[in-house]
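Me: I'm new to this structure and would like a close look at one part of it. Could you pick a strand, walk me along it, and then show me what surrounds it?

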Amino acid sequence: MDIVFVLLKRKPGMTFDDFRNHYESSHAKLGEKYFGHLFKSYRRNYIPEGKRFSDGEIIENAYDCLTELVFREPGGYQELRRIAASPEIQSVLKADEELFLDRTSCVNAWSHVIASDV
């Protein structure tokens, strides 16, 4: 099963709530429109703040959202990339991303799942 995590950081100066509202009302809907048929699940895990291990201080996280894309079929991520490379779709997605993401900080990460039996 293909699982991809997308680590997202909001634009500098944007509030966490504005980031989350834009993602849910616009970008997530674009993801569902263009790629929803590929997903077994599409989850957005918002992480507004964290507690540092060393001293317990509340800090801003390096990322504001961990998006989890679980694909229905092997090769699903490659198909997403193929669709997203269409000039029309790429233009729409990039224009929306420019409204709320610090694109230089965002990362795609492939998952190698190891589950504990607990």
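Reply: Let's start at Lys-40, which sits in strand β2, the stretch covering residues 39–46. Keep in mind that this is a predicted model. Lys-40 has a relative accessible area of 55%, so it counts as exposed, the cut-off being over 50%. For a sense of distance, take Asp-17: it is 23 residues away from Lys-40 along the chain, and their C-alpha atoms are 27 Å apart.

Now try another pair. Leu-69 and Arg-43 are 26 residues apart in sequence, yet their C-alpha atoms are separated by 6.7 Å. Leu-69 belongs to strand β5. With a relative accessibility of 6%, Leu-69 is buried, because anything under 20% gets that label. Setting aside its neighbours within four places in sequence, Leu-69 touches Phe-39, Ser-41 and Tyr-42, and its other contacts include Ile-3, Val-6 and Leu-80.

That brings us to the nonpolar core. The largest one holds 25 residues, and Phe-39 is among those with the most contacts inside it, along with Phe-19, Tyr-23, Phe-35, Phe-71 and Leu-80. Two or more residues each come from β1 (3–8), α1 (16–35), β2, β5 (65–71), α2 (76–84) and α3 (87–100). Helix α1 gives the most, with seven residues. As a rule, nonpolar side chains in soluble globular proteins tend to be buried together.

Strand β2 supplies at least two of the lining residues, as do β1, α1, β5, α2, α3 and β6 (107–110). By type, the lining splits into 16 nonpolar, five polar and four charged residues.

Finally, step back to the whole chain. It has three helices and six strands, and from the N terminus they run β-α-β-β-β-β-α-α-β. Of its 118 residues, 35% are buried. If you count contacts between residues at least 6 apart in sequence, 74% join residues at least 24 apart. The C-alpha atoms fill a box of roughly 45 × 40 × 20 Å along the principal axes.

Terms used:
Residues are numbered from 1 along each chain as its sequence is written. This is a predicted model: local features need pLDDT of at least 70, side-chain atom pairs count only at pLDDT 80 or more; totals for chains, interfaces and linings use all residues. Side-chain values use heavy atoms; hydrogens and water are left out. Helices (H or I, at least four residues) and strands (E, at least two) are DSSP runs, numbered from the N terminus. Buried means under 20% relative accessible area, exposed over 50%, partly exposed in between (1.4 Å probe, protein chains only). A nonpolar core is a set of buried Ala, Val, Leu, Ile, Met, Phe, Trp, Tyr and Cys residues joined through side-chain atoms within 4.5 Å. Contact means heavy atoms within 4.5 Å. Ala, Val, Leu, Ile, Met, Phe, Trp, Tyr, Cys and Pro count as nonpolar, Asp, Glu, Lys and Arg as charged, and the others, Gly among them, as polar.
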